[in-house]
Amino acid sequence: MKRDDYRRELASYVIGLVLAVTLSLIPIGLVLFPTWPRGTTLGVIFGLGLLQILVHLRCFLHISLGRSHRHDLYLLLFTSLILVLMVVGSLIVLGDLHHRMG
Amino acid sequence: MTDSSALWHLLFGRLGYDALPFYSLIATCGASVVILGALATAGVITWLGKWRCLWQEWFTSLDHKRIGIMYVVLALVMFSRGVVEGVMMRTQQALAIDAPGYLPPEHFGQLFSTHGTIMVFFVAMPFLTGLINFVMPLQIGARDVRFPLLNAISLWLTVAGAALVMVSLVLGRFSTGGWSGYPPYTGIDYQPGVGPDYWIWALTLSSLGSTLTGLNFAVTLYKERAPGMRLFHMSLFSWTALCTSILMIFAMPPLTVATLLLALDRYLDFHFFTNTQGGNLMNYINLFWLFGHPEVYILILPAFGVFSEVFATFSTKRLYGYHSLVWATLVIAVLSFTVWLHHFFTMGQSPRINAAFGIATMLIGIPTGVKIYDWMATMFRGRIRLTTPLIYAVMFIMLFVIGGLTGITLATPPVDYQVHNTVYLVAHFHNMLIPGMLFGMLAGYHFWFPKAFGFRLDERWGRIAALNFGLGFILAFMPLYVLGVSGLPRRSQAIHNPDFAPLLWVAELGAVVLLAALGSLVIQLVVSIRRRDSARVPAGDPWNGRTLEWAVAAPPPEYNFAVPLPINDRDPFTWLKEQGLAYDRPRTYADLVLPRNSAVPAIVGVAGFACAFGLVWHIGWMAVLGLLAAWGAVIARSFQRDTERLISAADVRREHEAWLDEVAATRPVTRDEETGPGNRGLAEMGP
Amino acid sequence: MSSRDMNHAGLNVGHTDHATHAEAEYSLFGFWIFLMSDALVFALLFAIYATLQHATAGGPVARDVFEIGSVTVQTLVLLASSFTYGLASLAMKYHEGRLRPLVTWLLVTLALGLVFLGLEVHDFLGMADKGALPQRSAFLSAFFALVGMHGVHVASGCLWLVVMLVQLRVFGLDTPVKTRLMRLGLFWHFLDIVWVAILSVVYLQGLLP
């Protein structure tokens, strides 16, 4: 039982490491050998970055939808909401100002 | 540079004789008052031989009740400075109609900057933090907050920030950039002195303290509630404490980032908000109000909480619309993150963006309106006792609605363009903060004072103070609405339109009445302390309270609750009284564990102050030493293992049963005798 | 309560004793809140960076000063350190009574952290040689504030690691030490997440032709 748990958790870390390294190296490769237009590549880079963050949360920080205590998950979701509000709001406002005054 | 001046610079940085406050008579007087006040306080403490007691019982205490009381004391001390500054500014404006007045522009600029900074960060924040600290753990049936040491560290960081603002009266000059400190005016090019640095580090210290406080309260409310108390059993005050804590956690970071980046601009020649090298001051304004708007609700929500308790208790009725009040609070908390742009409608962004934020702002009026109706419905057909806390609450409802309506006008971008930067705005936010925030805090002060100290405050002087505050507010700020619409800009040191004179003098009169109100508060405190023996409430329930804090002695034992109380209702103490269980003798007692006192928080506060002071005056060694000492103290503390002490079950039993015996010997009183000497803190059930 | 319920999000408390559980439950939740607040600090620095990244004021632009090779190595080092910290957590949970595996993995993590910091400082010095100092332009101010902030966090993490190694030596693996190691773990993994964002938003966006 204990042995199995150990294996399971070790596997989670190993999978996390492999995925994280892969998800970091692909975008780096895309920058070194640009194949698509800049906008597309940038979208892919950000998408993979977001995916990698989810991998870190799942494999290293052990956040999951089912198992974790609800409080932590809610906390994370609420933070994401505030974070998006602040960051996206700031970018819209300052982008608009830049556009009008630039 | 000569050798001796290099040495001076190394030792004392930019400090010099010109830092002393001899540049104007008013500044010299202000500094003298601070120094003499500090010396007199120290002298009295020495004369009474209380230093040891103060250190052992208070400064090193980790008890949430004592920490709460110290926060409120800090708030009241700073409040008196803030009020005096407000009166000084009103007087200047009344005198300076086509005349120079008595304050030079530079000094006037310092005054409105310190007034705003002090009132928001060192009056409102410590006051509400203090009340929550004292009341909330008692209301949820907890022994203490979750992290008592952190709680004390937050207190001392706030004290360090306040001390920095006080020192700025004596050494050097404060910023003239207002409480919001917009660059580039607060940048190094326009204010090369130490003023903005004082402002930056005072705010940084206090915002760190507030973030940690918010974290502490949130964990306490989630995890430390007494067994049986569900979230929807919590009192409204605890709910608002929860929402305020969440706002503190998420709204303080923008402020910290804004002040730190401004510091980088000033100290290391970075270019975030400068006019050159691609800097962009609009980034600062955006950041500041990302903090600033939620901050408004950090200030107002706890006041809403106090009013909810006061309306229910002094109407002798269950709170009307509990669930709607809780949900309104939650909705306000979330919406408060979506409206920050209404503070800078005129910055130049597209009309559609302004419109979106204007609409979001108006939406907040809806949950607030729900609350107002709930409170009025609570009073409807209640057995109302119009004592001081309820007087504050009733004045709040009437005046706050006016402030809310003017808020709606300001939320309309075209109107905002018209009255932008006029005293209309000054009138509006004072209308929210005085009847809203301040009246709430004073109602709470009055309401919970007997719980904290064991005796009631004098009712007559309480009413005089309350009515003076109400009258003073109306006289001082209603004229500003008219003046604002007529075009009087805010922060004017001199006024060149004689037509403004009559209303400015009415406002001046209001300011004097507000000063009288502050005086009445002081007199009330003195009178109450003198007559404390006839106003003692040892049984602990002077107002026929409804929530758990009234179920223990006044003042409460350091462990709060001798045994856990059964909780089945959202008015848990009323339920206990109705079931006849309120003063039951427990059969068994258990050993209780409490944190030992610790000097670490006070050390962190002193070190934090030293670090900030060193940074302000560019005294490198002091800044570094302060930082190292603060972290060193925390790390040293982490090596301490013997941090808790045990109170034996026998001791708890002895103390608790002595109190129960006293309760049994106390004559219960009806509400007619509430303010009379017969009220010893035991309420007779029934109307 | 089954052991599954007691798995705390963030780090697995698992088979430790009951006191550790209760303590860890509270202090980890508090620490999560702190991290969320900290995450907001970083998010705002990202927003500032995004608005200022083209404000180069005629000075160096991103492509002149960023080095993909060094950044790649830093990324790999930091990812590896997260993994080794994970192994340390497993050692703490499953090798009770034996300190050696735990200490070893903590030391490896510390070494990786220091290597990361060394590379970062080396990069910064290289930028300074090219005249890319924060005083030069708003873009560089924002860059140094954001990446520097992450660096300061990693340095604090390293200091914390050292303190924990000393505490392991002094106290062994008692409850306070255990919960502190769990919190440090959250901190360390959190910094990795911030780095992922820095890699994408700052370095890769800046270097993309």
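**The core and its surroundings**

Modeller: Start with B:Leu164. Setting aside its neighbours within four places in sequence, B:Leu164 is in contact with B:Tyr198, B:Trp201, B:Ala202, B:Leu205, B:Phe609, B:Ala612 and B:Phe613. Contact means that the C-beta atoms of two residues, placed from the backbone, lie within 7 Å.

A word on the model. It is predicted, so local features need pLDDT of at least 70 and side-chain atom pairs count only at pLDDT 80 or more, while totals for chains, interfaces and linings use all residues. Residues are numbered from 1 along each chain as its sequence is written, chains are lettered from A and ligands numbered from 1, in the order in which they are written.

Now widen the view. The largest nonpolar core has 293 residues, and B:Leu164, B:Phe307, B:Ala612 and C:Leu146 touch the most other members. Such a core is a set of buried Ala, Val, Leu, Ile, Met, Phe, Trp, Tyr and Cys residues joined through C-beta atoms within 7 Å. Buried means 20 or more other C-beta atoms within 10 Å of the residue's own; exposed means 12 or fewer, and partly exposed lies in between, with C-beta atoms placed from the backbone. Helix 9 (residues 281–314) of chain B supplies the largest share of this core, 21 residues. Helices (H or I, at least four residues) and strands (E, at least two) are DSSP runs, numbered from the N terminus.

Next, chain B as a whole. Chain B has 20 helices and two strands. Of its 687 residues, 55% count as buried. Take its contacts with a separation of 6 or more: 83% join residues 24 or more positions apart. The C-alpha atoms fill a box of roughly 75 × 60 × 45 Å along the principal axes. A compact globule of 687 residues would have a radius of gyration near 26 Å, so the 25 Å of chain B agrees. That radius is taken over C-alpha atoms, and the globule rule is 2.2 Å times the number of residues to the power 0.38.

Then the partners. Between chains A and B, the contact takes eleven residues from chain A and 14 residues from chain B. The chain A side divides into seven nonpolar, two polar and two charged residues. Here Ala, Val, Leu, Ile, Met, Phe, Trp, Tyr, Cys and Pro count as nonpolar, Asp, Glu, Lys and Arg as charged, and the others, Gly among them, as polar. Between chains C and A, 44 residues of chain C are in contact with 43 residues of chain A. Helix 1 of chain C gives the most to the chain C side, with twelve residues. That side holds 29 nonpolar residues, 14 polar and one charged.

Last, the record for chain C. An unreviewed UniProt entry annotates "transmembrane region" at residues 28–51, 71–90, 102–119, 139–166 and 186–208 of chain C. Positions follow the numbering used here, feature names are shortened, and annotations may be inferred rather than shown by experiment. In the model, residues 139–166 of chain C are 100% helix and 0% strand, with end C-alpha atoms 41 Å apart. C:Leu146, named above for the core, is one of the residues that touch the most other members.
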